[in-house]
Amino acid sequence: FLSSKLGRRLSSSDNIVREKDFIMELPAKEIYKELNDPIYKDEMVLVQGIIDCFFYEGQDIILIDYKTDKCDKNNKNIIENRYKSQLNFYKMAIEKMTNKKVKEKYLYLFSIDEALKVE
């Protein structure tokens with residue numbers, strides 16, 4: 001990982017945050033899109049987790065989530081779809097903690113030694 005382009009970017013940062021835990025409250029309908037019933041309009045859900053890593057490049061924040069899922073170069077999109085919402089929660093948490101925007105999000109796939117940028 002450290003010899004990859006993303007790993008070198010991480011290594012050159014003066015501000016690296018690893019294994020950062022978070023708890024945040026979100027509207028239930030933001031998490032569960034199928035909750036259309038007005039009875040849920042004010043329901044809140046606690047979301048908690050541990051962010052593997054984020055680092056600063058100047059004023060920009062780069063988020064990395066490490067994955068050990070078995071995959072190959074042909075099914076990277078399956079892995080991306082599986083974890084996209086998780087990364088979005090991590091992005092929200094980082095932005096709430098830091099009052100800064102996350103510029104880029106990556107899954108680092110150890111099984112193929114590749115960084116997958118997630119939009």
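Visitor: Is cysteine 71 buried or exposed?
Guide: The model under discussion is a predicted one. A residue counts as buried under 20% relative accessible area. The value for cysteine 71 is 11%, so this cysteine is classed as buried.

Visitor: Which cysteine sulfur is the closest to that of cysteine 71?
Guide: A disulfide requires two cysteine sulfur atoms within 2.5 Å. From the sulfur of cysteine 71 to the closest cysteine sulfur the distance is 19 Å, which is too far for a bond. That closest sulfur belongs to cysteine 53.

Visitor: How many disulfides does a search of the whole structure find?
Guide: A disulfide is a covalent bond between the sulfur atoms of two cysteines. For cysteine 53, the closest cysteine sulfur is that of cysteine 71, and at 19 Å it is too far away for a bond. Over the whole structure, the number of disulfides found is zero.

Visitor: What is the relative accessibility of cysteine 53, and which residue of strand 3 is its bridge partner?
Guide: Cysteine 53 is classed as buried because its relative accessibility is 0%. Strand 2, residues 44-57, runs antiparallel to strand 3, and five bridges join the two. Within strand 3, the bridge partner of cysteine 53 is isoleucine 64.

Visitor: Which residue of strand 4 is the bridge partner of isoleucine 64?
Guide: Strand 3 is also joined to strand 4, residues 102-109, by seven bridges, and these two strands run parallel. In strand 4, isoleucine 64 has as its bridge partner tyrosine 106.

Visitor: How many residues of strand 3 are buried?
Guide: Strand 3 covers residues 60-67 and has eight residues. The strand is largely enclosed by the rest of the structure, because its buried residues number six.

Visitor: What is the phi of glycine 58?
Guide: Glycine 58 belongs to the hairpin of strand 2 and strand 3, where two residues lie between the strands. Its phi is positive, near 65°.

Visitor: Which residues other than glycine have a positive phi, and what are the values?
Guide: Most residues other than glycine have a negative phi. Another is asparagine 99, in the loop between helix 3 (76-98) and strand 4, which is exposed at 70%. Phi is near 45° for glutamate 19 and about 60° for asparagine 99.

Visitor: What C-alpha separation is found between lysine 70 and isoleucine 112?
Guide: Lysine 70 is placed in the loop between strand 3 and helix 3, and it counts as exposed at 80% relative accessibility. Along the chain, lysine 70 and isoleucine 112 are 42 residues apart. Their C-alpha atoms are separated by 8.4 Å.

Visitor: What is the C-alpha separation of aspartate 72 and valine 47?
Guide: Aspartate 72 also has its place in the loop between strand 3 and helix 3, and at a relative accessible area of 39% it is partly exposed. Aspartate 72 and valine 47 are 25 residues apart along the chain. The C-alpha separation is 30 Å.

Visitor: In what order do the elements of the protein chain run from the N terminus?
Guide: The protein chain has three helices and five strands. From the N terminus on, their order is α-β-α-β-β-α-β-β.

Visitor: How far apart are the centres of the positive and negative side chains?
Guide: The protein chain carries 21 positive and 21 negative side chains. The distance between the centres of the two sets is 4 Å.

Technical notes: Residues are numbered from 1 along each chain as its sequence is written. Side-chain values use heavy atoms; hydrogens and water are left out. Buried means under 20% relative accessible area, exposed over 50%, partly exposed in between (1.4 Å probe, protein chains only). Helices (H or I, at least four residues) and strands (E, at least two) are DSSP runs, numbered from the N terminus. Lys and Arg count as positive and Asp and Glu as negative; His and the chain ends are not counted. The place of a charge is taken as NZ of Lys, CZ of Arg, CG of Asp or CD of Glu. Two strands pair if DSSP finds at least two bridges between them.
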